[in-house]
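Subject: Handover of a structure for your review

Dear colleague,

Please find the structure below, together with its sequence. My notes on what was found in it follow directly after.

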Amino acid sequence: MKKRIYVFDDICSGCANCLMWCAFANKGEFNRAYAKIQLARDGVDGRFNIPMVNCTGAGCDTRNEKGEPLCVEMCPTGALVYTDAEDAYKKRIELQQSREAQPLFKLIAPWKWPFPWREWPKKG
Amino acid sequence: MLYGWKGKILRVDLADKKVVKQDLPEEWMKKYMGGRGIMTKIMWDEVGPEVDPFSPGNKLIFGTGPLEGTPLGQGRISIQTKHPKKFIGEGGAAGFWAPNLKFAGYDFLVIEQKSNTPVYILIDDDKVEIRDAIHLWGKDNHETDKLLRQELGQEFVTSTIGPANEKLVANSKVFFEASYCGCRGCGEIMGDKKLKAVAVHGTGGVKIKDPEGYLRAYRRLLKCSSISEGRGEPTNLTHTILMSNSLIRNFNEMGWFHAYNGQRGRVENAPSEMDLLENYLVKPSTSFCCTSPSCGARYLVKEGKYAGIEGVQREGSPGYGASTLGGLTSWSTLLKFKHLCDRYGMDTLMVLYTVSWAMECYQRGIITKEDTDGIEIKWGDDDIVVKLTEMIGRREGFGDILANGAQKAAEIIGRGSENYLLTIKGREIDEQPKQASYQTTLFEAVCEGGPDHTRWFPAYGTNPKLLPKDLSLPYDPLTPFNPLSPEGKAAFVKYRYDRGALIEDLPTCMAMHKGESLWDITYWLDIYNATTGADCTAEEFVKIGERTVNLERAYIVREGFRREDDTIPRRMLEEPLIDIGLPPVGQNNLDIMLDEYYTLRGWDVKTAIPTEEKLRELDLDFTIDDLKQLR
């Protein structure tokens with residue numbers, strides 16, 4: 001299936017790495033004006049951070065060894081994913097379920113931080 | 001032309017309401033790079049020893065550097081002023097303010113003189129205005145930020161001060177986006193200048209000399225600081241996510257706390273980071289282009305009497321301070337405490353150590369109910385901590401005395417209360433071990449900016465097994481792992497401090513200073529050269545850090561600081577920690593370390609004044625004449 005950039009905005013930290021690197025990939029300059037991604041952000045207390053993007057990655061040549069564009073590579077939490085619709089759906093389920101086992105996944109995505117986390121102690 | 005820098009200093013005169021845009025000399029870029037280096041140069045030239053910190057002559061400088069506005073800049077901003085206690089009042093914060101200043105076209109913002117009425121500064125690219133802020137005066141940080149963005153537009157990023165700063169509460173901070181804070185003491189000067197806020201919005205960008213080189217160097221640095229690569233730091237994995245909070249229980253197990261105002265090394269129950277994560281944190285939150293997934297996280301207190309408070313938990317202070325105040329364990333109290341400090345604009349450390357000092361004085365009967373307006377201030381009392389914090393923020397009753405900071409409060413109370421102060425150079429210490437770690441002791445004693453561990457992070461060594469075999473370091477790599485001996489600490493501290501200054505001149509976040517990048521300078525040099533095109537050599541690059549520290553020392557020497565001011569609190573020097581069986585540091589041990597440190601630095605051992613030879617070597621000739629008269 002066709003790949004595009006999917007956003008899981010509940011684990012977006014609002015860092016703006018994606019749009020700065022998008023601009024860099026386009027023009028070699030760190031300038032918001034050249035980015036295809038916008039960040040709807042309320043800085044105070046991180047009340048909301050929502051990256052807005054409509055991009056299939058076409059024409060974006062700066063990729064890492066996994067074939068990810070820079071915006072996805074540099075996302076520190078894993079909120080941006082470059083994949084197809086089916087996999088994006090699976091990832092959404094994975095994220096929700098992994099939170100029940102390990103509260104760290106309120107803050108990060110298991111696909112970005114895959115190393116074995118210590119099991120969370122059972123209640124009671 | 002050099003890339004990276006914008007090449008402009010913006011000067012705003014609050015008395016004459018004048019705005020001047022000045023060129024940043026290229027010589028300064030190459031010699032001091034940015035951040036602390038250039039700000040200290042400006043301070044040396046323009047704010048002499050005759051200037052009282054609270055006089056119009058004192059200046060407040062917001063400084064960035066060549067890497068700011070690029071991802072590695074990580075939104076770091078440094079603020080510098082002459083601290084009310086006369087040393088270098090400098091501190092860093094993060095957020096989106098600094099990149100916006102760069103995008104608007106300026107590297108530095110220098111605030112001069114004082115205003116008679118409250119004002120705020122608006123910077124929108126080329127447009128710079130000084131505007132009336134009477135409607136904002138008295139409002140807390142959250143309200144001020146909200147009102148300003150309603151007035152100017154969501155895209156504006158603010159730095160503000162709260163009501164505590166307006167009332168000159170000691171060591172209060174400047175807040176960015178109402179949640180990033182630092183710069184202990186700078187907020188006090190900002191309040192004194194009646195500058196309520198600086199709102200910035202920039203639409204430009206930062207050009208890179210060699211984009212491919214930048215990306216290569218950045219990827220290499222990411223790999224080196226990433227824990228998932230298995231080459232990171234000897235801390236637990238959650239440190240990447242929860243930062244300082246993840247070390248609270250380690251600190252307690254090691255006995256590194258200043259529990260009960262430094263009377264003990266540990267408490268029975270320390271607050272747990274697992275509790276914080278499971279029940280209070282809801283969402284990640286970081287600064288501009290931070291590489292840590294959640295250096296700060298958004299918290300929400302869901303139940304109890306503080307239900308509904310929310311904000312960003314970014315630093316370790318509240319969790320570490322729980323022990324200082326006698327073993328608080330409830331995160332909802334600690335978060336409420338942090339929330340209050342944020343709203344009022346206060347420094348959590350100042351409140352912590354001033355309240356803990358008062359608690360010990362109360363325990364010893366030095367302070368009684370007569371002094372405290374009838375309040376019983378007992379150890380570990382959640383409600384009293386919250387109440388006193390509010391009283392300090394409002395300067396009400398007993399809080400008015402505490403709001404002067406621990407040292408001044410002790411002068412007012414007298415009766416031997418000064419014996420229990422935890423202050424260095426007049427400012428409250430931070431939560432780093434002293435008796436248990438001689439390298440931290442030495443650093444906090446000599447630091448030109450008062451006690452502040454963020455100027456030389458990290459304080460621990462690198463696992464010697466990770467070091468390349470052919471590497472020669474200026475210190476013995478085993479030294480930091482033998483923290484109870486004065487031996488070899490000077491070389492370690494000097495190395496890390498010079499490197500720390502370099503990191504903050506770039507600027508980037510100290511938390512990036514990890515793994516191989518601690519000893520391999522090419523990690524930083526490559527990215528600096530790729531950004532700016534300065535073609536700097538490794539030798540000259542390292543010298544910039546050392547130059548920064550020496551200029552800072554020259555500055556505080558001119559202000560009157562000498563060897564005898566480089567010390568630690570009496571308690572840590574003279575009293576053992578009985579519960580964990582540690583002897584006091586002892587003047588003797590401190591002297592051994594200081595002698596070695598000054599000698600290594602090329603400073604006079606008796607006075608701690610940099611020698612002429614050293615100043616010449618670092619091209620700081622302009623300081624020689626001033627210092628000659630002081631020898």
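I begin with the contact between two domains of chain B: 32 residues of domain 1 of chain B touch 33 residues of domain 2 of chain B. Please bear in mind throughout that this is a predicted model.

**Domains of chain B**

The size of an interface is often expressed as the accessible area lost when the parts come together. For domain 1 of chain B and domain 2 of chain B, the buried area is about 2,600 Å², with 52% of it on carbon and sulfur atoms.

Three salt bridges are found across the interface of these two domains. In general, side chains of opposite charge can pair when their charged atoms come close. A salt bridge is formed by the side chains of Arg343(B) and Asp140(B), at 3.2 Å from N to O. Residue pairs in polar contact between domain 1 of chain B and domain 2 of chain B number 17, counting those with both residues at pLDDT 80 or more.

On the side of domain 1 of chain B that touches domain 2 of chain B, at least two residues each come from helix 3 (97-104), helix 4 (141-152) and helix 5 (163-166) of chain B. Helix 5 of chain B supplies the largest share of that side, three residues. Sorted by class, the side of domain 1 of chain B that touches domain 2 of chain B comprises 13 nonpolar, 13 polar and six charged residues.

**The interface of chain B and chain A**

Turning to the two chains, 56 residues of chain B make contact with 46 residues of chain A. Together, chain B and chain A bury about 4,000 Å², and 61% of this lies on carbon and sulfur atoms. Within chain B, the residues that lose the most area to chain A are Leu277(B), Glu278(B) and Lys283(B), which together account for 13% of what that side buries.

Three salt bridges are counted between chain B and chain A. The side chains of Arg219(B) and Glu73(A) form a salt bridge, with 2.7 Å from N to O. There are also 13 residue pairs in polar contact between chain B and chain A, where both residues are at pLDDT 80 or more. Helix 7 (residues 211-225) of chain B contributes the most to the side of chain B that touches chain A, namely six residues. By class, this side of chain B has 26 nonpolar, 21 polar and nine charged residues.

The two chains are also linked through strand pairing: strand 2 (residues 29-30) of chain A and strand 13 (residues 206-207) of chain B run antiparallel and are joined by two bridges. Here Phe30(A) has Val206(B) in strand 13 of chain B as its bridge partner.

Over all chains, the structure holds 59 salt bridges. Within chain B, Lys196(B) and Glu166(B) meet through their side chains in a salt bridge of 2.6 Å, N to O. This pair connects distant parts of the chain, 30 residues apart, with Lys196(B) in strand 12 (residues 195-201) of chain B and Glu166(B) in helix 5 of chain B.

**Backbone details to inspect**

- The peptide bond from Phe457(B) to Pro458(B) is cis, with omega near -5 degrees; Pro458(B) is placed in the loop between helix 18 (438-446) and helix 19 (489-505) of chain B.
- Leu506(B) and Pro507(B) are joined by a cis peptide bond with omega of about -15 degrees, and Pro507(B) lies in the loop between helix 19 and helix 20 (522-532) of chain B.
- Asp619(B), a residue other than glycine, has a positive phi near 55 degrees; Asp619(B) is in the loop between helix 24 (612-617) and helix 25 (624-628) of chain B.

Yours sincerely

Conventions
Residues numbered from 1 in each chain as written. Chains lettered and ligands numbered in written order. Predicted model: local features only at pLDDT ≥ 70, side-chain atom pairs only at ≥ 80, totals over all residues. Heavy atoms only, no water. Contact = heavy atoms within 4.5 Å. Buried area = accessible area lost by both parts, 1.4 Å probe. Salt bridge = Lys/Arg side-chain N within 4 Å of Asp/Glu carboxyl O. Polar contact = N/O pair within 3.5 Å; in protein donor to acceptor, adjacent residues only side chain to side chain. Helix = DSSP H or I, 4+ residues; strand = E, 2+ residues; numbered from the N terminus. Nonpolar A, V, L, I, M, F, W, Y, C, P; charged D, E, K, R; others polar. Pairing = 2+ DSSP bridges.
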